[in-house]
Amino acid sequence: MALVSRILRSRPSSVSSYHYISRTFASAVSSETDIKAASLLGLNKPLPLRQEPRGGSLQWIFLGCPGVGKGTYASRLSNLLDVPHIATGDLVREELSSSGPLASQLAEIVNQGKLVSDEIIINLLSKRLEAGEAKGESGFILDGFPRTIRQAEILEGVTNIDLVINLKIREEALLAKCLGRRICSECGGNYNVACIDIKGGNGSPGIYMAPLLPPPHCASKLITRSDDTEEVVKERLRIYNEMSQPVEEFYSIRGKLLEFEIPGGIPESWPKLLQALNLDDHEDKQSAAA
């Protein structure tokens, strides 16, 4: 089943939708022609807000500052709804760990806390879409893309996004959360040693997030990501805040943006997110996402 059913209805069925998207992404790096052409063909006609999943063909996006938990909640929804979770952050880290031509360039960008360029992200995402096509994937939950108006316009030019979930969290909680992140150097498991307990005040609710501690066999093997320093985290947040508002407005005016304030750790936030998404009737499936 093709990834983008609307695109299939707007072009010859013999052309793969994944290939169509990745080809348009690639050409958009050097030209905006595809965006204008897609607009003329009616491929970027906005849709009303849709919160009910359409089987495996839903097309959702997670927005939110680095470290807010996009990957955690997108992954859980991916398991719950049986659609692929495509995280551009993971794509970048996979490239960093490879011996590919972009590895050294990406290492310098990430270590300085800068955002990766549109060209690199689109290149990595195009390759991921092509790999998904080969595996017969349908639909997606994007995590970390788009981050700029140009990326949003490119995506809008080739497909209709159903829903954009914008995760929010208090800045002091975010900083503590990022600085507490740890990875097991042996199994790759993700943990967090921070115990966040911020009292409410001045109209802001309190927030409590318990640590996510590793099992004993991982405890002595924990490492910190090289970009999880206070200086780098603050710089990432500053850059993101400068760029995020236009993207949020882009989807808000199209009636596709859902704002969700993280109220606490996963036990508090996950049920409330499902309720906000009208998915609380999926409680019998929650064990699949746990």
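Helices (H or I, at least four residues) and strands (E, at least two) are DSSP runs, numbered from the N terminus. This is a predicted model, in which local features need pLDDT of at least 70 and side-chain atom pairs count only at pLDDT 80 or more, while totals for chains, interfaces and linings use all residues. Residues are numbered from 1 along each chain as its sequence is written, and side-chain values use heavy atoms, with hydrogens and water left out.

View 1. Of its 290 residues, 48% count as buried. Buried means under 20% relative accessible area, exposed over 50%, and partly exposed in between (1.4 Å probe, protein chains only). The accessible surface comes to about 13,800 Å². Carbon and sulfur atoms hold 52% of that surface. These areas come from the Shrake-Rupley method with a 1.4 Å probe; for residues, only the protein chains shown count as cover. A contact means heavy atoms within 4.5 Å. Among contacts with a separation of 6 or more, 74% link residues 24 or more positions apart.

**View 2. Five strands form an open parallel sheet.** The order is β2-β3-β1-β4-β10. Two strands pair if DSSP finds at least two bridges between them. β2 (85-87) and β10 (257-261) are the edge strands, and each pairs on one side only. From one strand to the next, the twist averages 20 degrees. β1 (residues 59-63) and β3 (residues 140-143) pair in the parallel sense over four bridges. Here Trp-60 stands opposite Ile-141 in β3.

**View 3. Helix α12 lies across β1, β4 and β10.** The helix covers residues 266-276, and β4 covers 163-168. α12 runs at about 155 degrees to β10. Axes are lines fitted to C-alpha atoms, for helices over the stretch in contact, and angles run from 0 to 180 degrees between N-to-C directions.

**View 4. Three strands form an open antiparallel sheet.** The order is β6-β5-β9. β6 (190-192) and β9 (222-223) stand at the edges with a single partner strand each, so one side of each is left without a neighbour in the sheet. Two bridges join β5 (residues 181-184) to β9. Ile-183 has Ile-223 as its bridge partner in β9.

**View 5. β5 and β6 form a hairpin.** Three bridges join the two strands, which run antiparallel. Arg-181 stands opposite Asn-192 in β6. Five residues lie between the strands. In the turn, Gly-188 has a positive phi of about 85 degrees.

**View 6. Helices α7 and α8 pack at an angle of about 35 degrees.** α7 spans residues 118-134 and α8 spans residues 149-158, with their axes 10 Å apart. α7 passes α8 in a right-handed crossing. A crossing is right-handed if the near helix is turned clockwise from the far one by less than a right angle, and left-handed if anticlockwise. From α7, Asp-118, Glu-119, Ile-121 and Ile-122 take part. They meet Arg-150, Gln-151 and Ile-154 in α8.

**View 7. Helix α8 is largely enclosed by the rest of the structure, because seven of its 10 residues are buried.** The buried residues are Gln-151, Ala-152, Ile-154, Leu-155, Glu-156, Gly-157 and Val-158. Gln-151 and Ile-154 also belong to the contact with α7.
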